[in-house]
Amino acid sequence: MSGPGVRRTTWTALRARRRALGRLAAWSAVEALPALLGGVLVARAVDRGFLAGQLGTGLAWLGGLAVAVLLGAAATGQVYRSLGAVVEPFRDELAARVVHGALRDATRAGGRADSAAVARLTHQVEVVRDTFGGLLLVVRGFLFTAGAALLGLLALAPPLAGAVAAPLVVGLAVFGASLPAMVAHQRAQVAAGERLGRSAASALAGHRDVVASGAQRRVVSEVDRRVTAQADAERTLARMAALRSLSLGLGGWLPVVVLLLAAPWLVRRGLSTGAVLGALVYVTTGLQPALHAVVQGVGGGGLRYAVTLGRILRTSPQPGPGCGSPAAATPPAVPDGTATADGSAPPAVRVRGLTFRYGPHARPVLADLTLTVAAGEHLAVVGPSGAGKSTLAALVAGLVPPEAGTVHLAGTPVAGTAPGALARLRVLVPQEAYVRSGSLGDNLRYLHPDADDATVRAAVDALGAGPLVDRLGGLDVEIDPGALSAGERQLVAAVRAYLAPVPLVILDEATCHLDPTLEATVEYAFARRPGTLVVIAHRISSATRARRVLVFDGDRPLVGTHDDLMTRSPTYRELVGHWEDVAPSPGVPVAHP
């Protein structure tokens with residue numbers, strides 16, 4: 001029914017929770033008391049009570065059945081409690097596995113965010129949780145309920161036990177033989193759902209380009225094809241329900257037919273009327289519902305469990321024992337600060353021949369860009385919206401791979417360097433600042449957990465965040481990220497980056513929601529901070545504070561001081577607001593020896 005990975009993972013999850021499984025089995029045995037005693041008690045009530053003219057005796061036997069039912073009902077509540085102790089920890093393990101895999105793929109050098117990871121986390125993990133719990137429930141229910149009913153039937157009328165068990169086994173065999181085909185169709189349905197999700201996400205993310213290029217009909221056709229494939233997979237699964245119905249007919253209803261046909265013959269040979277009625281109770285209230293539950297549960301939820309868990313295991317490998325720890329990170333090829341061959345320190349950023357485009361047929365956002373940023377330098381990057389400023393920041397930080405060219409940080413090649421090693425070389429602060437739930441101090445120390453209160457407070461004061469910290473109630477106060485404004489979140493992220501023990505800080509419009517005065521305070525603080533600063537400028541005032549400015553001026557980026565670019569770059573003059581016709585002179589090339 002499932003691959004070895006699914007079986008191994010399931011077995012490991014069950015074995016790790018043996019104590020909870022023991023409690024589940026114990027309460028299941030109590031819950032099965034009505035299935036074990038029901039037929040015998042009904043037979044005694046009929047034969048020794050009602051047919052013998054002893055009404056009180058018959059009611060007393062039925063009273064015993066009522067006690068058994070009450071005990072079983074009380075045990076049912078404990079069954080669900082024990083079930084939760086097995087299922088919920090397994091669900092948490094899978095969620096952590098999916099999150100780890102998605103973050104690993106998105107943050108590694110050259111990695112990209114996987115939209116299908118959202119489906120795995122929000123839908124597939126919950127499918128596994130629900131179906132895993134359902135499988136445990138129906139399988140243990142079948143084992144205990146059907147086993148109890150067969151034991152009771154064996155004690156009541158041994159010849160009937162064999163006659164009833166034979167068609168039950170045949171029905172289970174038919175069901176088992178059909179499971180491989182059911183698994184294949186269920187796997188096709190899950191894959192079709194993921195393909196549809198990726199296709200729809202891609203179409204929505206690129207809708208402006210689709211409209212601009214007139215490709216609406218082709219994109220709609222592609223999404224429609226995925227929708228049709230998903231619908232076909234769902235219909236095929238629905239047709240597989242016919243095999244489950246055949247299994248139920250053989251194993252659940254055929255024993256009833258056998259019992260009714262054999263009843264006259266059995267009565268003539270001494271079987272009492274109560275025993276026949278008790279046997280019907282065992283079949284119709286014990287065996288038949290148990291078989292129905294296990295066939296429907298395994299044939300529906302079990303298939304979804306096997307296929308969906310297999311999908312998660314293939315796309316989200318188990319984290320290694322050292323994942324996430326600095327010791328597990330791949331060491332950089334050239335350690336930070338190591339001297340180059342001529343004895344000088346390597347530049348903070350060295351970009352060579354960098355080319356990047358969004359799509360194979362799109363116009364390059366960056367084309368053959370070469371740039372060197374010396375250690376300790378303060379560089380501002382300016383240009384019109386869409387010119388490629390944020391793309392350059394992502395490429396330098398190693399968040400996206402270039403089509404061509406190389407990026408080195410302090411002599412370390414970004415390509416192929418583990419996320420942990422990159423995190424020790426640079427910090428990127430995006431426009432949309434991330435603040436997590438927890439204390440304000442924990443948020444500020446996120447990249448430097450060992451920073452003491454005095455260090456944190458000094459950083460807060462340097463960046464002008466003191467009033468915010470005081471208004472929120474200090475470093476130990478629990479904060480709600482949703483209650484902070486965009487500017488307040490940016491200020492928290494800025495202090496966090498300031499504290500990070502890294503030599504390079506990249507601010508990608510990270511102060512756009514701050515007022516100009518506070519923005520200047522933040523940038524001056526970073527400029528005084530040891531290390532290198534690259535600012536993707538939201539306001540042109542950021543360029544006037546930088547030692548050098550990179551301006552995206554059409555197809556030829558230029559670099560120079562503010563005064564140089566005022567003379568040499570028409571684009572820069574327009575950004576600054578000087579519209580007079582200043583005769584340009586040849587621009588300073590971005591490349592440096």
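This is a predicted model: local features need pLDDT of at least 70, side-chain atom pairs count only at pLDDT 80 or more; totals for chains, interfaces and linings use all residues.

Modeller: Residues are numbered from 1 along each chain as its sequence is written, and side-chain values use heavy atoms, with hydrogens and water left out.

The structure holds 19 salt bridges. A salt bridge here is a side-chain nitrogen of Lys or Arg within 4 Å of a carboxyl oxygen of Asp or Glu. Side chains of opposite charge can pair when their charged atoms come close.

Start with Arg235 and Asp232. Their closest N and O atoms are 2.4 Å apart. Both residues sit in helix 8 (residues 216-239), 3 residues apart, so about one helical turn separates them. Helices (H or I, at least four residues) and strands (E, at least two) are DSSP runs, numbered from the N terminus. Arg235 is partly exposed, at 46% relative accessibility. Asp232 is partly exposed too, at 36%. Buried means under 20% relative accessible area, exposed over 50%, and partly exposed in between (1.4 Å probe, protein chains only).

Next come Arg357 and Glu403. Their side chains form a salt bridge at 2.7 Å, N to O. Arg357 lies in the loop between strand 1 (349-356) and strand 2 (366-373), and Glu403 in the loop between helix 11 (389-397) and strand 4 (404-409), so the pair ties together parts 46 residues apart in sequence. Arg357 is partly exposed at 24% relative accessibility. Glu403 is partly exposed at 48%.

Now the nonpolar patch. Phe50, Leu55, Leu59 and Leu62 form it on the surface, with about 360 Å² of accessible area together. Patch residues have over 30% relative accessible area and no salt bridge; like charges are joined within 9 Å, nonpolar side chains (Val, Leu, Ile, Met, Phe, Trp, Tyr) within 5 Å. Accessible areas come from the Shrake-Rupley method with a 1.4 Å probe, and for residues only the protein chains shown count as cover. Helix 4 (residues 55-107) gives the most to the patch, with 3 residues. Phe50 is in helix 3 (residues 33-50). Phe50 is partly exposed, at 36% relative accessible area.
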